[in-house]
Amino acid sequence: ADSVSDYVSKALRLAFDGEYQSRVRKAIIDRRHRIFDEKSVSFEWGKFLTRALRIRISDEELASQVGFVREDRHYEAYNAKEMEDEQERWKQSVMLSSIFG
């Protein structure tokens, strides 16, 4: 979402538009391996949660705790770009289907 009103609009659409909700659910299910099979996701969630909870831990210690090694970080940059591209393709397909669907 690009703004609070855009977020609210999307949340309401998800709540009340069954067809849209089904498409979003299927897209999430089809891509869930990207979240659960990636060590970088655990590492980034850990970084977010430790900062949100004000737990003092270095990125290196956290990486060690979740088994995220430096070699994974090189691959992470590639994955981030790939994920951004996929998100943009999905966003465009959802927008187009809402216009033409």
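This is a short tour of one predicted protein model.

Some ground rules. Residues count from 1 along each chain as its sequence is written, and side-chain values use heavy atoms, leaving out hydrogens and water. Because the model is predicted, local features need pLDDT of at least 70 and side-chain atom pairs 80 or more, while totals for chains, interfaces and linings use all residues.

Start with the fold. The protein has 6 helices and 0 strands. Helices here are DSSP runs of H or I, at least four residues, and strands are runs of E, at least two, numbered from the N terminus.

Now burial. Of the 101 residues, 14% are buried, meaning under 20% relative accessible area with a 1.4 Å probe, protein chains only; exposed is over 50%, and partly exposed is in between.

Next, rings. The whole structure holds 1 aromatic pair. The W45 and F48 ring centres are 5.8 Å apart and the planes meet at 85 degrees, so the pair is edge-to-face. The cut-offs for Phe, Tyr and Trp (six-membered ring): centres within 6.5 Å; planes under 30 degrees apart are stacked, over 60 edge-to-face, the rest tilted. Both residues belong to helix 4, residues 39-52. They are 3 residues apart there, so about one helical turn separates W45 and F48.

Which residue has its charged end over the ring of Y20? That is R13, 3.8 Å from the ring centre. The rule: NZ of Lys or CZ of Arg within 6 Å of the centre and within 35 degrees of the ring normal.

Last, I57. This residue lies in the loop between helix 4 and helix 5 (59-66). I57 is partly exposed, at 32% relative accessible area.
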